[in-house]
Amino acid sequence: MSSEKQVLGPDDVRRAVTRMAHEIIERNHGLAGVALVGLQRGGVWLAEALGAEIARIDHPIPVGSIDASLYRDDIGLRPVSPGSVSDIPFGVDGTTVVLVDDVLYTGRTVKAALDAITDYGRPAAVQLAVLVDRGHRELPIRPDFVGKNLPTSSSEQVVATAEGVVIS
Amino acid sequence: MKHFRSISEAGPDALRRLLDIADHMAEVNRRPNPKVPALRGKTVCNVFFEDSTRTRLSFETAAKRLSADTMNFAVSSSSVNKGESLRDTIETIAAMGIDAFVIRHKSSGAPWQISQWTTASVINAGDGWHAHPTQALLDAYTIRTALNRTDSFDGLRIAIVGDIKHSRVARSDIQAFTMLGADVTLVAPKTLLPPSLDGFDPVTVTTDLDAIIGDLDVLYLLRMQRERMNEALVPSLREYTSRFGLTPERAARLPEHALIMHPGPMNRGVEMAVDPSELPGSVITQQVTNGIAVRMAVLFDLLGSGANLEAES
Amino acid sequence: MSGILISGGDVIDRSGRRRADVRIADGTIVEVGDALAAGPDDRVVDAAGLVVSPGFVDLHTHLREPGKEEAETIETGSRAAAKGGYTCVVAMPNTDPTQDSVSVVEFVRRQGEVAGLCDVRPSGSITVGRRGDQLTPMAELAAVGVHLFTDDGNGVQDPLLMRRALEYALDLGVVLAQHCEVARLTEGAVMHEGHCCSRLGLPGWPSLAEELMVYRDIELVRITGAPVHILHLSTAGSVELVRRAKADGLPVTAEATPHHISLTDELLAGYSSLYKVNPPLRTMADVHAVREGLADGTIDAIATDHAPHAPETKEQPLDQAPPGMLGLETALGVCIAHLDVPLEQIVAAMSWQPAAIAGVGDRHGRPVAAGEPANLTVFDPTVEWEVRPAELASKSRNTPYIGVPLRGRVRHTILDGTLVVVDGAAQR
């Protein structure tokens, strides 16, 4: 019933990823002890794209993924099922972890991911990179790196992939 | 799913889903802090009408790693004989506010009766000769990971050897393995088979282990209870071992990739006439490890996935 | 003294079916005929659309008193019997103490008289305490009116002892009734042995365990000449054995229960102990064979094996729950719903045929004719109904027929000329 609207095209996404990669490198002064962790499922492709871009610009850094569904605060309130298995191929102790997600909305998934990542160890710092920040935060969570700020209504759906960002 | 009482009742979709969730739980178990908050505030009560320390510990560990509260209720047969019916026992415990019952009972069917008397989920941790679905789940999960058969067991040749008749493990394994596509052969004399195999999934039956052992992917040995000898089910344990036991000669004839499995506890020198630690294909300790992950998967699916809400709405 | 006029009903007795009014006075049928006029003090029972038959006789009722009064008493069991159209029941001997002595047997009979709802005829056990090793004082018991002897609940395992019992009973004019079960083949069994029990992981009760003893006892009848009654026959093989014995002219009779003509072992799939019974529910093929046996006269009687159990005993796992189900109040409805035979045949198998086996043919199952004792049942042969547990007269609730459509229901029961059940309600 709602119509689809493309707000970013593939080229826009590519440019945003490049800009975010530069910002991550700049912010972390040479990338010592930095790793990317994509949030299952939507953030995984973006973490991989950022990882590839950072490797191209500077040097490769570890990229992992995390599934936070077992940490969600809405377990039992609505259907949740775990996505793909978490994969953290590096020690988290002392690492600067950049959590990566496609769309930042209420902040609850990020909160769950923060809880999850600390069960792997004690990171030196945790930063947050998202392709789209659509607002409507329900927790005090703010992204460090944003591809695009996108005002939405809460009835809308936002889908962000390498092919573009679509509101419906 | 509301209950997890048998593999056949759960069906193939749930079986595959639980195996997929078990992958996540196995990953949790490999972490430095193998605990997640998924089932905070849920209470799981282990009610064991029959002793089984291993299974109870496995369920208790699984529940705790999901942050559920656990209670243990060991029901000695004497207290049941004081005139309290099974229904009384269950209704009393249920009144304490239980989200899931984990039931072990020496009588087949007890979990079905119990689920009539409580609104909590019921997980069958073994009932009589009938079913032990979490064992089947961990067995299937062990095969799936050890042989890297995530999609299906199509064409996999599995032999289940020994006392099928009295075995809840065998009944559940047969359902799970055939549901995933494996070719299952039962190896046992008629005395150790159920009176009829009509209602079973397609299985073949033989008494000649040597004829098939060279072509197996999985050799599953059942525990041979020593008292069966006195019931004229086998003439002697020595004869049982010579016909159906894993001897060094048979171990040598197993294909290199073949897995050797056992639900435990083992009868050394009876069904297991070799030292399993010297068998490269033995995955018996992995079975125990995987038991925690699959039980976490079951608990999460019943109490945490919200699937019940979906079904109700 | 005032009488009763049953008007407008169809009378069924051993001479057939016909439209007739029946007048009763002083415990006796005084007049049977067309368009009888009611006397000034007669109570008129409108039987239009109903069947009037001699009262039913149950060869196989567990009244539980003495010993298990929490499950049933002779009074509550008699009330259930009356509501089911029975004017006479044979009380099984597996009480505590066992009905193996004159004093216990007399107690049961007296309690039946006190209840006054049904003619309660105690059976006696074949062996002391039903333990299978020593004969009861059968002559003493016969002298106080015991006609049926059985160790029901157990079969007499020892073939020598069974032979001696039959030989000893020869001159007493009594009948030995056998619960056919070779115990060694049914140890721990909770249901029929077949593909259902295999799948459900429940120990099986093989048909063979029944048939071996049916065969043995038929051969004992052949060499002793003493009559044997086969209780609750349940397998196709047993039906065939009895059919051949009758063809050989042997004094063998048999009964079947309503549940063995209506329910199968598949019902155990939900593990409800309501379906645990001994002998167990069998396969559909057995059900068909038992129905066929009733249709061709191989099986003489429908007997309920009414076996009340208190809820707390049935709310146990299958292997711990006792076997048995209620039967008295549902027997007619089950039989009409499940038997494809003329109604006259059902009434015969529920009334005069069991009356003859029980040795009560002088009082029960009589023709509906002037001068005969007024033990009568008036039932609606077509009404469809369902059991409501709260409406059961039995003290127990272990019926498997809740939610199952039944056809045919007793409206009135007359015992010795007194209406003990009116419109389905017991009068005392």
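**Chains A, B and C in a predicted model**

With 15 C-beta neighbours inside 10 Å, T118(A) counts as partly exposed, because a residue is called buried only at 20 or more such neighbours and exposed at 12 or fewer. D93(A) is 25 residues away from T118(A) in sequence, and the C-alpha atoms of the two lie 8.9 Å apart in space.

Chain B was examined next. Its secondary structure consists of 12 helices and 9 strands. The C-alpha trace of chain B spans about 55 × 45 × 35 Å along its principal axes. Of the 313 residues in chain B, 50% are buried. Among the contacts in chain B with a separation of 6 or more, 75% are between residues 24 or more positions apart.

Chain B holds an open sheet of 4 strands, arranged in the order β2-β1-β3-β4 with parallel pairing. Strands β2 (69-74) and β4 (121-127) of chain B stand at the edges of this sheet; each has a single partner strand, so one side of each is left without a neighbour in the sheet. From one strand to the next, the twist averages 15°. In general, the strands of a sheet pair through backbone hydrogen bonds, in either a parallel or an antiparallel manner. Strand β1 of chain B, residues 43-48, is joined to β2(B) by 6 bridges, and the two strands run parallel. One residue pair in this arrangement is V44(B) and its bridge partner in β2(B), T70(B).

The contacts between chains were then considered. There are 2 pairs of chains that touch, and the most contacts are between chains B and C. In that pair, 20 residues of chain C are in contact with 23 residues of chain B. Helix α5 of chain C (residues 195-200) gives the most to the side of chain C that touches chain B, contributing 6 residues. By residue type, this side of chain C divides into 7 nonpolar, 8 polar and 5 charged residues. Chain A and chain C, by contrast, are joined by no contact, and their closest C-alpha atoms lie 29 Å apart.

Within chain C, two domains are assigned: domain 1 covers 4-52 + 370-426, and domain 2 covers 55-358. The centres of domain 1 and domain 2 of chain C, taken over C-alpha atoms, are separated by 26 Å. The domains touch through 34 residues of domain 1 of chain C and 40 residues of domain 2 of chain C. On the domain 1 side, the elements that give two or more residues are β3 (16-19), β18 (376-385), β19 (406-415) and β20 (418-422) of chain C. The largest share of this side, 7 residues, comes from β19(C). The residues on the side of domain 1 of chain C that touches domain 2 comprise 18 nonpolar, 10 polar and 6 charged.

Conventions: Residues are numbered from 1 along each chain as its sequence is written. Chains are lettered from A and ligands numbered from 1 in the order in which they are written. This is a predicted model: local features need pLDDT of at least 70, side-chain atom pairs count only at pLDDT 80 or more; totals for chains, interfaces and linings use all residues. Domain bounds come from an automatic or database domain assignment. Two residues are in contact if their C-beta atoms, placed from the backbone, lie within 7 Å. Ala, Val, Leu, Ile, Met, Phe, Trp, Tyr, Cys and Pro count as nonpolar, Asp, Glu, Lys and Arg as charged, and the others, Gly among them, as polar. Two strands pair if DSSP finds at least two bridges between them. Axes are lines fitted to C-alpha atoms, for helices over the stretch in contact, and angles run from 0 to 180 degrees between N-to-C directions.
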